[in-house]
Amino acid sequence: KKRLGDKRHHCGMIGDTPAMKTLFNTIEKVAEVSCSAIITGDSGTGKELVAKALHDYSPRKDAPFVAVDCGALTTTLLESELFGHEKGAFTGATQRKYGLMEQADGGTLFLDEICNISDTMQTKLMRALESGNVTRVGANTPVPVDVRVIAASNRNLEQMVEEGHLRHDFYHRLNVVNINVPSLSQRRQDIPALVKAFVQEFADRYSRQVQGYDNASLQRLCDADWPGNVRELRNTIERSVILAESSILSWEGMEPQKPDSQLPVRFSEEEFFSLNELEQEYIHHVLRCFNGKKTKAA
């Protein structure tokens, strides 16, 4: 709420480039109505922030905003999470559970990574959206719900439709408005403002007396490749603030971290071990390194 009230932060986000101004203008227009929308963009660009802004600036702002990571749930679990279930509907269902669509009644349901929803679940979800009713697993009586659905994905959904991985009727049911979030490489002029905001955020959080980066380091931050977009930039600055040794931060040692492609353990082609054996051997190795002291090893 504090960010929303700050005039420097449009729609709860930071940016003053043409690409971001276009995004803010689209958000303000779409937020006024309760149509479905799909948000696209690379990973780490802030798609959930856009979805939250659409909710916060809409007439539904006082009702719940419920986010669901569709990629983290199987079809069975996703159905139970979205629609809920009755007591005894399946093994382990010891009591009635209200689904997320019921919990979001009057508000917004954000479906992240919709490309991971199965064909069966796409059909059930589309039917629920068109009828305005959900039926809990194990129940016969439908429950009316009023939700605005906003979906997001970092993949090319039109291509997925063409390849048959996404139902065209499901896609077009959600794709009333398509909002694309620009990558950080498309809005490099916003990096200094983002850096300033993140430095202040983490300085307050971790009680660090830091003021910002020196000019050379700030330039390197602006010139660097950020494949992880704003999320990667934010994590880099958080690490920099935590490890700060002076009030002026430096790029030194703060290069974006890249995963190591080499495994620290070497395997021969003749020997095979179970994961339990490998885990046990590793635990013994750590214990030996700390002379058997369990607390330090842990």
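This is a predicted model: local features need pLDDT of at least 70, side-chain atom pairs count only at pLDDT 80 or more; totals for chains, interfaces and linings use all residues.

Biologist: Which helix do Phe202 and Tyr206 lie in?
Modeller: They both lie in helix α8, residues 191-206.

Biologist: Is Phe202 buried or exposed?
Modeller: Phe202 is buried, at 0% relative accessibility. Tyr206 has a relative accessible area of 27%, so it counts as partly exposed.

Biologist: How many aromatic pairs are there?
Modeller: There are 2 aromatic pairs. Phe65 and Phe110 are stacked because their planes are at 20°, with the ring centres 6.2 Å apart. That pair links distant parts of the chain: Phe65 is in strand β2 and Phe110 in strand β5, 45 residues apart. Both Phe65 and Phe110 are buried.

Biologist: What sits over the ring of Phe65?
Modeller: The charged end of Lys52, 5.5 Å from the ring's centre.

Biologist: New topic: which residues of α5 are buried?
Modeller: Met121, Gln122, Leu125, Met126, Ala128 and Leu129. They are on the same side of α5 because they cover an arc of only 160° around the axis. The face turned away from that buried side carries Arg127 and Glu130, which are exposed.

Biologist: What do the buried residues of α5 pack against?
Modeller: Several elements, including α3, β5 and α7.

Biologist: And what comes just after α5?
Modeller: Gly132, which takes a positive phi of about 75°.

Terms used:
Residues are numbered from 1 along each chain as its sequence is written. Side-chain values use heavy atoms; hydrogens and water are left out. Buried means under 20% relative accessible area, exposed over 50%, partly exposed in between (1.4 Å probe, protein chains only). Helices (H or I, at least four residues) and strands (E, at least two) are DSSP runs, numbered from the N terminus. The arc is that of the directions from the helix axis to the C-beta atoms. Contact means heavy atoms within 4.5 Å. Rings of Phe, Tyr and Trp (its six-membered ring) pair if their centres lie within 6.5 Å; planes under 30 degrees apart count as stacked, over 60 as edge-to-face and the rest as tilted. A charge sits over a ring if NZ of Lys or CZ of Arg is within 6 Å of the ring centre and within 35 degrees of the ring normal.
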